[in-house]
Amino acid sequence: MNAALDLITRVRGVRGAMLVAGDDGLVVAEQLMEGIKGSAVAALAASLAGRLRRAMEAAGVGASVFWHLQADQGTLLVVPAPSGILVVAVAEPDVNVGLVRLELLRAAETVG
Amino acid sequence: MTARAVQSWTLTPLMDFVREASARLVLLMTPAGQVLAQSGFSRAVDVMSASALGAAIVASTTELAKQLHQPPFAALNHQGHHHGIFLSTFALERGTVVVLAVYDLDVSSLGLVQLFYEQLAADLKAASPKGGVPKQVLAADFERELSESLNTLFGR
């Protein structure tokens, strides 16, 4: 699990990466820079993932494979793995989103 | 969602917690089962049952920890198919407060409840009146105290 997170955090502009239990919003594994509150990010990501899943089911567009939340001072990128684990990256606003997404998808494959 | 408090200083932190954690039912009480505030309950009998059961769980897990020569358990979570139950205690100058929260798994999660529980504990510590120890409820007065609390909680 840590190897999967390593690949994400090596991308320039990524401040941290986490594996989060999608059902309960708890941290499974994390590699975060100082100052990032992992439990808060995990709870937020799981809460958003649950609401998003229901909204997308209602809209009839299937399950999400990647989502990107852009804020003033940072960005949150998430890939849900088939097991229900969320692979999460916290990054700078100007991070290379394509590269982070690639590493998140790889990590999700590893996690299963 | 209706929230009512016997101790008025608990009301704002309780309402913030309910809103932010999307909790369905919340009970603030003492380890003896005296209710300080509630949110989401519609019947007095449910508050009485939940407070008695919550206090009993805290008492039994505290005793279990003693038997294991451990400090008391920080929190207990039970996750069912549709709901989760979170039970935890923290210390105030006035004594220990027990928090019992029931949340729908569709709209909340253990992570959210834990996150905002920390905020609730901090807010209650800040709002708690300083100095003066609350009066102890004697067994002889317990029924009257309970009736008065329930009357306050349900606006009778």
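I'm counting two residues as in contact if their C-beta atoms, placed from the backbone, lie within 7 Å. A reminder to myself before I start: this is a predicted model.

**Entry 1: where A meets B**

I looked up the contacts between the two chains. On the chain A side I get nine residues, and they touch seven residues of chain B. I then sorted the chain A side by residue type: five are nonpolar, three are polar and one is charged.

**Entry 2: chain A overall**

Next I went through the secondary structure of chain A and found three helices and five strands. Going along the sequence, I read the order as α-β-β-α-β-β-β-α.

Then I checked the dimensions. The C-alpha trace of chain A spans about 35 × 30 × 25 Å along its principal axes. For 112 residues, I'd expect a compact globule to have a radius of gyration near 13 Å, and chain A has 13 Å, so the two agree.

I also asked how much of the chain is buried: 33% of the 112 residues in chain A. As for contacts in chain A between residues at least 6 apart in sequence, 50% of them join residues at least 24 apart.

**Entry 3: helix H1 of chain A**

Which residues of H1(A) are buried? In this helix, residues 2–9, I noted Ala4(A), Leu5(A) and Ile8(A). They sit on the same side of H1(A), because the arc they cover around the axis is only 95°. I turned to the other side of H1(A) and found Asn2(A) and Ala3(A) exposed.

**Entry 4: strand E2 of chain B**

Six of its seven residues are buried, so E2(B) is largely enclosed by the rest of the structure.

I went after its pairing partners. One of them is strand E6 of chain B (residues 95–104), which pairs with E2(B) in the antiparallel sense over six bridges. Strand E3 of chain B (residues 35–39) also pairs with E2(B) in the antiparallel sense, over four bridges.

I used Val26(B) to follow both pairings. Its bridge partner in E6(B) is Ala101(B), and in E3(B) I found Ser39(B) as the partner.

Last, I looked at the turn. E2(B) and E3(B) make a hairpin with five residues between them. In that turn, I noted that Gly33(B) has a positive phi of about 95°.

Conventions
Residues numbered from 1 in each chain as written. Chains lettered and ligands numbered in written order. Predicted model: local features only at pLDDT ≥ 70, side-chain atom pairs only at ≥ 80, totals over all residues. Nonpolar A, V, L, I, M, F, W, Y, C, P; charged D, E, K, R; others polar. Buried ≥ 20, exposed ≤ 12 C-beta atoms within 10 Å, placed from the backbone. Helix = DSSP H or I, 4+ residues; strand = E, 2+ residues; numbered from the N terminus. Arc of directions from axis to C-beta. Rg over C-alpha atoms; globule rule 2.2 N^0.38 Å. Pairing = 2+ DSSP bridges.
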